[in-house]
Amino acid sequence: MAEDIPKCLIKVADESIISRQIRLLKENGASNIAVVVGYKKEKVKKTLGKQVIYFENPSFKTTNSVVSLWYAKDFLRDDDI
C-alpha cells in the first residue's frame, strides 16, 4: 500500500519515481548522486543500493526538506560533483 512506503518509491509505469530520477540523471551525465533519507530509509536504500550517496535526516518527522538539504550541505559544496 502507498501509505507504507515513501512517496519517492511510488511506482509509475513500473518504475519508482526516485529510480526514474536516478536513471535520467545518469543518462544525462550525472555520476555523483546524493539522496537524503528519513522515513522508511531502509526501503529507499534497498531500492537504490550503492548507486547513490546517502545522507540521513534523523529529524524528518518534525522538519521539512530545507533541513534535509542541510544534512547534505557538504556534498553540495564539493567542487567535484
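Modeller: Buried means under 20% relative accessible area, exposed over 50%, and partly exposed in between (1.4 Å probe, protein chains only). Helices (H or I, at least four residues) and strands (E, at least two) are DSSP runs, numbered from the N terminus. The model is predicted: local features need pLDDT of at least 70, side-chain atom pairs count only at pLDDT 80 or more, and totals for chains, interfaces and linings use all residues. Residues are numbered from 1 along each chain as its sequence is written, and side-chain values use heavy atoms, with hydrogens and water left out.

Biologist: Which residues are buried in helix α1?

Modeller: Helix α1 spans residues 17–27. Its buried residues pack against β2 (15–16), β3 (34–37) and α2 (41–48), where contact means heavy atoms within 4.5 Å. The residues in question are Ile18, Ser19 and Ile22.

Biologist: Why are these residues on the same side of α1?

Modeller: The buried residues are Ile18, Ser19 and Ile22. They lie on the same side of α1 because the arc they cover around the axis, taken from the directions from the helix axis to the C-beta atoms, is only 105°.

Biologist: Is Asp14 buried or exposed?

Modeller: Asp14 lies in the loop between β1 and β2. This residue has a positive phi of about 65° although it is not a glycine. With a relative accessible area of 75%, Asp14 is exposed.

Biologist: What is the relative accessibility of Lys40?

Modeller: Lys40 belongs to the loop between β3 and α2. Its phi is positive, near 50°, in a residue other than glycine. Lys40 counts as partly exposed, because its relative accessibility is 28%.
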